[in-house]
Amino acid sequence: MKTVEQERQAEASRRSVEIKRQGAKLGFSTVGIALLDRNPHAAELDRWLADGHAGTMTYLNRQAKKRKDPRLVMPGAKTAVVTLTNYFHGDRMPNPAPRVPRVAQYAWSPDYHDVLGERLEQLATAIRALVPGSATRCYVDAGPVPERELAQLAGLGWIGKNMMLIHPEIGSFTFIGVVLTDARLEPDLPFEADRCGTCQRCLDACPTQAFAGPRDLDARACISYLTIEHRGAFDATQRAQVGDWLFGCDVCQDVCPWNVSFARETLDAGLAPRPEVARPDVGQLVTIDEAEFQRRYDRTPFTRPGHRGMRRNAAAVLDDV
Ligand code: B12
Ligand code: SF4
Ligand code: SF4
């Protein structure tokens, strides 16, 4: 005869299996579950912030308390249902030749905050139906949630020397989405192995030497930060650092052997590339007016740096190509 606790355990386990089944049905590449606890790498976050590696992303300082203890993000939350979604576009829209303006692959499709946000809400609805009375909150990128950390705890991969969450069978071209819930679910085992070994290709290949060391990126020198998060004009150094990257940067992922071997083109219809974003007309971007910018790039990641930021990026890239 099973004890009450054993019954609860079995129920939590059944729910977890069902949530993963629903996640797969909704189009997530994989789903894992982590128990919420104090972030075991809180000290690394503190050091990274103290070293000034967040640059002007001051919201990361403001959110630090919650990132260091994700239980504070949602009162009563016990578990994180963590999803990965493959966005690798492979050769479908071949990378342009060197010295042609480049856009990071994650931005090629309609804004992932919208696409994944809707899917996560559907997954959250499924969780609430499965566990009546439970509460949920969805996060993708925006929010005080340590997403890579939770993905590692949910067994979805390890954190590479390039700081990316790398899944051993998918690689790192993935979006992370999280549903926090107070429902009792059976967690997965954390992914403990570090499969980088002696490799350090990402550190060597970074065009701006932005890594202060393994898993320690000084965002101030990162092309992704400069083209997306940096506000205001570029100085001469920043202008040169950007090179031929108009938006974001994929170099430390492109060279990673786990992507070279395992990244497969996504078949996700919701993430189909938009040519005007993947291969934008940079000559036109330099002079585009605000209304036309909004018309063309509404609901794309280009709205983050916005009209001014994208004109600045285009001018810097045209200097280089
Ligand atoms: C701020 C931010 C940035 C900044 C800073 C990047 C950085 N390396 O921190 C900038 C603008 C530069 C950036 C760039 C990019 N980003 Co970004 N970014 C974020 C954001 C909003 C916060 C990250 C953060 O807190 N950084 C601070 C560091 C210290 O924290 P952390 O990354 O969580 O790292 C933890 C672990 O490394 C851990 N740790 C440290 N040592 C060790 C050792 C071991 C063994 C373990 C297990 C853990 C561990 O401690 C840290 C603190 O908890 C997240 C979304 C989110 N809410 O988490 C997206 C996110 C990390 N970004 C993402 C993406 C896609 C990118 C880009 C690839 C975009 C592009 N192509 O241009 C680049 C990649 C650059 C890179 N190599 O990191 C994805 C990553 C998906 C994945 N598979 O990993 C995220 C998760 C968004 C999402 N929801 O999909 N980003
Ligand atoms: S995204 Fe580009 S610039 Fe930033 S760390 Fe990776 S390789 Fe360097
Ligand atoms: S390139 Fe090498 S060191 Fe860098 S993340 Fe990939 S396996 Fe790890």
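Asp46 and Lys68 form a salt bridge, with their closest N and O atoms 2.9 Å apart. A salt bridge is counted here when a side-chain nitrogen of Lys or Arg lies within 4 Å of a carboxyl oxygen of Asp or Glu. Asp46 belongs to helix H2 (residues 42-50) and Lys68 to helix H4 (residues 64-68), so the pair ties together parts that are 22 residues apart in sequence. Helices (H or I, at least four residues) and strands (E, at least two) are DSSP runs, numbered from the N terminus. Asp46 is partly exposed, with a relative accessible area of 34%, whereas Lys68 is buried, with a relative accessible area of 18%. Buried means under 20% relative accessible area, exposed means over 50%, and partly exposed lies in between (1.4 Å probe, protein chains only).

The model is a predicted one, in which local features need pLDDT of at least 70 and side-chain atom pairs count only at pLDDT 80 or more, while totals for chains, interfaces and linings use all residues. Residues are numbered from 1 along each chain as its sequence is written, chains are lettered from A and ligands numbered from 1 in the order in which they are written, and side-chain values use heavy atoms, with hydrogens and water left out.

The structure holds 19 salt bridges. In one of them, the side chains of Arg102 and Asp254 meet at 3.9 Å, N to O. This pair links distant parts of the chain, since Arg102 is in strand E3 (residues 102-103) and Asp254 is in helix H10 (residues 251-254), 152 residues apart. Arg102 is buried at 15% relative accessible area, and Asp254 is partly exposed at 28%. Another salt bridge joins Glu292 to Arg296, with the closest N and O atoms 3.0 Å apart. Glu292 and Arg296 are four residues apart in helix H14 (residues 290-297), and therefore about one helical turn separates them. Both are partly exposed: Glu292 has a relative accessible area of 22%, and Arg296 one of 26%.

The interior may be considered next. In soluble globular proteins, nonpolar side chains tend to be buried together. A nonpolar core is a set of buried Ala, Val, Leu, Ile, Met, Phe, Trp, Tyr and Cys residues joined through side-chain atoms within 4.5 Å. The largest such core has 65 residues, of which Trp48, Val81, Tyr106, Leu246, Phe247, Leu285 and Phe302 touch the most other members. Helix H5 (residues 112-130) supplies the largest share of this core, seven residues. Apart from it lies another core, of 18 residues, including Ala34, Val82, Tyr139 and Ala151.

Helix H5 has 19 residues and reaches 26 Å from its first C-alpha to its last, close to the 27 Å expected at 1.5 Å a residue. That expected span is 1.5 Å times one less than the number of residues. The buried residues of H5 include Tyr112, Leu116, Leu120 and Ile127. Against these buried residues pack helix H1 (4-26) and the strands E2 (79-86), E4 (136-139) and E7 (174-181).

Two further residues show how sequence and space can be compared. Asp182 is found in the loop between E7 and H7 and is partly exposed at 24% relative accessibility. Asp182 and Ala77 are 105 residues apart in sequence, yet 4.1 Å apart in space, C-alpha to C-alpha. Leu150, in helix H6 (residues 147-153), is buried, with a relative accessible area of 2%. Setting aside neighbours within four places in sequence, Leu150 is in contact with Ala34, Leu36, Pro70, Ala80, Val82, Val145 and Val178.

The ligands come last. A residue is near a molecule if one of its heavy atoms lies within 4 Å of it. The residues around ligand 3 include Lys161, Cys196, Arg201 and Trp258. Helix H7 (201-205) and helix H11 (257-262) are the elements that give two or more residues to this shell. By class, the shell around ligand 3 has seven nonpolar, three polar and two charged residues. Ligand 2 is surrounded by residues among them Cys206, Pro207, Phe211 and Cys252, and its shell has nine nonpolar, one polar and no charged residues. In this division, Ala, Val, Leu, Ile, Met, Phe, Trp, Tyr, Cys and Pro count as nonpolar, Asp, Glu, Lys and Arg as charged, and the others, Gly among them, as polar.

How values were computed: Contact = heavy atoms within 4.5 Å.
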